[in-house]
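Dear colleague,

Please find the structure below, handed over for your use.

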Amino acid sequence: MLTFENSFWTADYRSGINQLNEKLAQGSIECDEILGFLKERAAIEEQYGSKLCELGKRKSKNGGFAKDDGATLKRTFDSLKGECLELGQFHKQNASDIQELVLKPLQIFVEERKVGLKVSKESIEAALKRLDKQRAELLRAQENYMTKCGVADSLEKQEADKPSRRLSIQDLQLRLELITNTLGNLTFTEEEFKEFLQRIQTEIPTQEVRYPFLGLYKGLISGESVAAWLREHYNLESDEQVEQVGQALIDQGFLKLVGRGNKFTIKSNSYYQWKKLYQDQGSPLEKARLEAEEADAAYKQLAKSVDKSRMSAERTLMSYLGNMERNEVNRIVAIKAAFLSFAATFSTVISTYISMNERTQLYFETLKPENDITFMIEQHGTGYFNPKPVVYENFYYGSVKDQIYGVPLEEQARLSKNHIPLIIAKCLSALTKGYGEMPYVERRGIWITDVPLATIHSLKRSINQGCQVTLKQLREYDLKTIVGALKLYLLELPECLCTSELYDAVKAIYAPGEDDDEERARLGAIQNLLTALPPANKRSLKAIMGHLNQLLQDMSPEELFIPEICHNLGHTILRPRAETPVTFHDRHPQKLVKDMICHYQEIF
């Protein structure tokens with residue numbers, strides 16, 4: 001089933017959200033246009049009713065019907081004017097009904113919707129801005145880590161090269177002086193950084209501060225005095241720049257906040273202690289190796305922090321998309337209710353109005369929010385949910401030992417006896433054992449039930465601490481969550497299970513036609529294509545499809561469950577290298593999954 005939660009994702013998050021926000025803004029314009037129409041319609045009704053009432057109350061001229069009290073023509077004419085007056089009163093009442101029953105409720109809804117959209121948009125923009133900022137910091141930390149590891153390795157190599165030691169050490173000492181230390185927007189060489197620390201630690205006056213229950217603290221400096229010194233000597237213009245430098249001093253272990261927390265603020269009542277002084281750390285090699293280790297620890301910690309922030313942002317985005325879908329449904333429902341109320345105001349009018357009301361009722365019955373949501377997604381969707389995990393890569397042994405999600409499938413398969421990633425084998429084993437005596441209907445339902453992303457992330461966090469995963473860890477979660485974690489693992493692979501190189505080739509296989517010869521040719525073509533997959537990919541694909549084939553072995557391909565699970569898994573198993581409006585509407589990944597499940601023996 002198409003939903004906002006799985007249809008407005010892009011690699012940078014922003015493009016999909018901007019596309020959705022543009023459509024939601026269009027909805028606000030549509031609401032204003034409808035309100036304007038209803039206001040004018042009510043005004044016309046009021047004006048028309050007033051004119052009819054004036055006409056119905058008009059007195060007869062003295063020389064005319066006023067002299068002809070008993071004439072049947074006068075009575076007929078008076079009745080006609082009475083009908084005109086009654087009709088005018090009806091239209092004035094109709095105008096009042098439009099104002100009270102149609103316009104006011106819709107105006108209240110539209111105004112509340114605008115406020116809600118504004119708050120939600122600002123909140124999501126702030127979350128994405130924070131994530132972008134953290135990613136930029138992570139990139140700087142990674143570059144710093146790689147540089148320092150390279151310098152340390154070069155120094156170690158030159159140290160071992162005895163005959164040319166004197167010359168190489170001199171060269172490397174010159175290179176070491178070019179290593180930069182970064183504090184916020186400030187960048188220093190080693191000598192500049194040493195001078196900076198010596199000056200800031202000696203030139204900012206310290207003071208004594210007494211804290212309740214904690215006693216007297218000596219040698220403290222305030223956040224305000226640090227900010228003043230930085231502005232004076234390094235021309236930092238904004239508070240944000242100053243806070244970034246102060247926060248970097250805390251993060252690198254030079255400053256410590258007195259009290260709770262570790263955030264640097266520019267306040268006169270925020271006090272800090274110098275935690276360590278800058279000092280020579282031995283030979284260039286020892287110094288470089290120590291700096292590489294410190295950079296590694298900082299980079300690794302930041303990678304985990306950024307990935308945590310990414311998952312939090314995805315949960316926030318998922319919640320936002322769900323809320324916006326409900327918002328859009330509510331908008332269409334509210335407008336439909338307004339249209340129905342508008343039509344109801346004419347329900348007691350003469351037969352012509354009744355006919356008009358019956359016709360408009362038919363039009364309104366064709367308005368269905370779920371169809372509009374599907375249409376919006378099909379016309380303006382930007383892509384399926386396709387998360388890009390932040391992966392920590394060690395300088396020496398890569399990424400496979402520190403996490404499971406986001407690591408290339410071939411690397412994980414090499415660690416497994418079955419030559420498929422351990423997480424796939426364990427998840428399928430946990431599902432098989434967990435089915436027990438469960439009815440087949442419930443077993444199948446596990447694969448198509450939506451699980452909150454926060455619950456899946458909880459399972460991911462518990463197993464994504466290294467390269468191993470156990471059944472004991474998985475048994476702590478229900479089967480639906482295990483399936484969700486398996487799908488998320490497949491989505492976060494750097495390359496999809498069927499590889500994006502096969503995307504167009506698979507698309508070419510599926511052409512119109514249902515006879516036996518074409519089916520045999522199609523299955524043969526699929527079988528040939530799968531031989532081009534890396535061995536680990538094919539074994540993993542076979543394990544998953546075999547599990548589903550056993551689960552669905554007594555069902556025909558036309559039964560409802562199979563299209564649902566194929567829709568769930570199609571994009572997970574096969575997706576293009578880059579999502580486009582054309583690929584978003586492709587259905588051959590779902591068809592491929594259906595064939596691999598229903599014709600498992602022929603293909604594998």
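The notes below cover helix packing and then salt bridges.

This is a predicted model, in which local features need pLDDT of at least 70 and side-chain atom pairs count only at pLDDT 80 or more, while totals for chains, interfaces and linings use all residues. Residues are numbered from 1 along each chain as its sequence is written, and side-chain values use heavy atoms, without hydrogens or water.

Helices α7 (residues 284-344) and α13 (residues 453-463) pack at about 160°, with axes 10 Å apart; helices are DSSP runs of H or I with at least four residues, and axes are fitted to C-alpha atoms over the stretch in contact, with angles from 0 to 180 degrees between N-to-C directions. The two are therefore roughly antiparallel (over 145 degrees). In contact (heavy atoms within 4.5 Å), D307, R310, M311, E314, R315 and M318 of α7 meet L453, A454, H457, K460 and R461 of α13.

The whole structure holds 24 salt bridges (a side-chain nitrogen of Lys or Arg within 4 Å of a carboxyl oxygen of Asp or Glu). K460 pairs with E492, with the closest N and O atoms 2.9 Å apart. K460 lies in α13 and E492 in the loop between α15 (479-491) and α16 (503-509), so this pair ties together parts 32 residues apart in sequence. K460 is buried at 1% relative accessible area, as is E492 at 2% (buried means under 20%, with a 1.4 Å probe and protein chains only).

Yours sincerely

Notes
Angles under 35 degrees count as roughly parallel, over 145 as roughly antiparallel, 65 to 115 as roughly perpendicular and the rest as oblique. Buried means under 20% relative accessible area, exposed over 50%, partly exposed in between (1.4 Å probe, protein chains only).
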